[in-house]
Amino acid sequence: MRELSRRQAIIGLGAFTLVLAGCGEDEAPKQSAQSANKAGAMANYGVSQQFKATEPLSFDVLYNNHPFYPLKNDWLFWEELTKRTNVTLKPVAVPLSDYEKKRSLMIGAGDAPLIIPKTYHPQEEAFVASGAVLPVSEYFDLMPNFKDKVAKWKMEPELDTLRQADGRIYLLPGLHENVWVDYTLAVRMDILEELDLEVPKTWEELYTVLKAMKAKYPDLYPMTDRFGIPTPGGNLLKLVAQAYGTKGGWEYQHAFWDATAGKFVYTGAMPQYKQMIEYLHKLVKEKLLDPEAFTQQDEQADQKLISGKSFVISTNAQTLVNEFRGALTKANPDARIAKIPVPMGPVGDYKIGTRLENGVMISKKALEHKNFVAMMQFVDWLWYSDQGLEFAKWGVEGTTHTKDASGGYKLADDVDFVGLNPDASKHLQKDFGFSNGVFAYGGPTKLLESTFSEEELEFQKVMNARKAWPVDPPHPLKEEEREQATLWETPLKDFVTQQTLKFILGERDLSEWDAYVKELEGNNMASYINLVNTAYERFKKEHG
């Protein structure tokens, strides 16, 4: 493996101290490839400048087809994007339910489109060793808007968490100005009022609320849940784990940074992880939480809520509006449901999350494409410029929205989005293709919150007052270490998932926790954590 220096390989990156640099003999071919592949590129493309290719171009893009707003070829998004950039995107549509599998198969077969969005770290790691995707950090110099936001928002620590052992980054992440918390619990407010209860601020207060609901409605499970497939209890375990100072559910990762000890520990064996399990087990044992909550289909969970068989459920802003509110009101005109601020636990008032979003991989084939530079400029404009972010989210001024003198946005009267114009005849996503999860995410907080209702802004105000959780230090594995770690990770993850659910549901007694930890050791837990800590120490030594 080639040796990496610490000098900055990319001119103008400024605040980056850890941007990789190739060794001397690698630099010339890279620059040569860029200079040879500039067809259609703008000569002086820069921050806040409208990108427009100097000739008509087209690029294929892997497209995650969402069932709520299925792909339409006549969306205004496609037409206006071409008008503004001189680029036509050719979507290769894959159903949301099959996206990750199809993406892997296409990349492995060498058939992937040039632009591969909707990739969540560390999913890109599976394609690094084969060289199937580009080390995009080598080409940050082609992306002035990306560099500008990283520098302005001081996001170098977050970017460092994406680095591989060679120092490079293989995923262009979505960038948020601030940590954004969306997923939480939805609670029937009319039931709280009926029982003279306050909105619970902690998980212990939620327990008290559920007890009161159960006392009034003994034949019901006060709480059910959705988001349990494919990760059992995905959101619920994530939220409770955060409250105790660990990671679970959607966020589960094998290695957890213990700042006090100054090293990584195995998440599934942490005392805090056990505390998360104990809390959820208590809810299930006392029949406050539906035992089917962790693995049922979303439709089953939604129906229980809508039919009045449960009063508390996981949600985010769009689910609350699109799935719950209308259907619940139709079934029961007196029902009122709302998001509550994420309940707190022993760690206190932290807002836990990342400023990085899912992102874009670039196929290795792109480097040989005559329009490579233009393509990177286009990606930079669409996903990272203020103009591109606004366009992808709001659409065309005068058609889908208007702007006032202060820069505030207002949907056109005949266009709805997240219930802002519930009686409108058209929908921003379904009929126009804007606010599409493939293209519209990240950006300034003001833009993020521009589609929020007053209710959601109040939720964000509470969450934004909390402290941000520190970013974990990087611990990138070398290729051979990654291969070994992958062999250990799958059985470890499967075992933790199975046993976590058994403990919560009472199928395994919590008195067997120590035996469970020993079983983890038998699944190479200690070897895995030793590998991670070795990688952490090596990166710290090499990069400071």
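Trainee: Is strand E5 buried or exposed?
Mentor: Buried: five of the five residues of E5 (residues 184–188) fall in that class, so the strand is largely enclosed by the rest of the structure. Buried means under 20% relative accessible area, exposed means over 50%, and partly exposed is in between, with a 1.4 Å probe and protein chains only. Strands (E, at least two residues) and helices (H or I, at least four) are DSSP runs, numbered from the N terminus. Keep in mind that this is a predicted model, where local features need pLDDT of at least 70, side-chain atom pairs count only at pLDDT 80 or more, and totals for chains, interfaces and linings use all residues. Residues are numbered from 1 along each chain as its sequence is written, and side-chain values use heavy atoms, with hydrogens and water left out.

Trainee: OK, which strands does E5 pair with?
Mentor: The sheet order is E8-E5-E9, an open sheet of three strands with antiparallel pairing. Two strands pair if DSSP finds at least two bridges between them. E8 and E9 are at the edges with a single partner strand each, so one side of each has no neighbour in the sheet. From one strand to the next, the twist averages 35 degrees. For that angle, axes are lines fitted to C-alpha atoms (for helices, over the stretch in contact), and angles run from 0 to 180 degrees between N-to-C directions.

Trainee: How many bridges join E5 to E8?
Mentor: Four, with E8 covering residues 312–315. Look for Thr184, which stands opposite Thr315 in E8.

Trainee: And which residues face each other on the E9 side?
Mentor: Val187 stands opposite Ala338, and Ala186 has Lys339 as its bridge partner. Four bridges join E5 to E9 (residues 337–340).

Trainee: New topic: where does Gln499 sit, and what does it touch?
Mentor: Gln499 lies in helix H16 (residues 479–505). At 7% relative accessibility, Gln499 counts as buried. Leaving out residues up to four places away in sequence, Gln499 touches Arg508 and Tyr516, where contact means heavy atoms within 4.5 Å.
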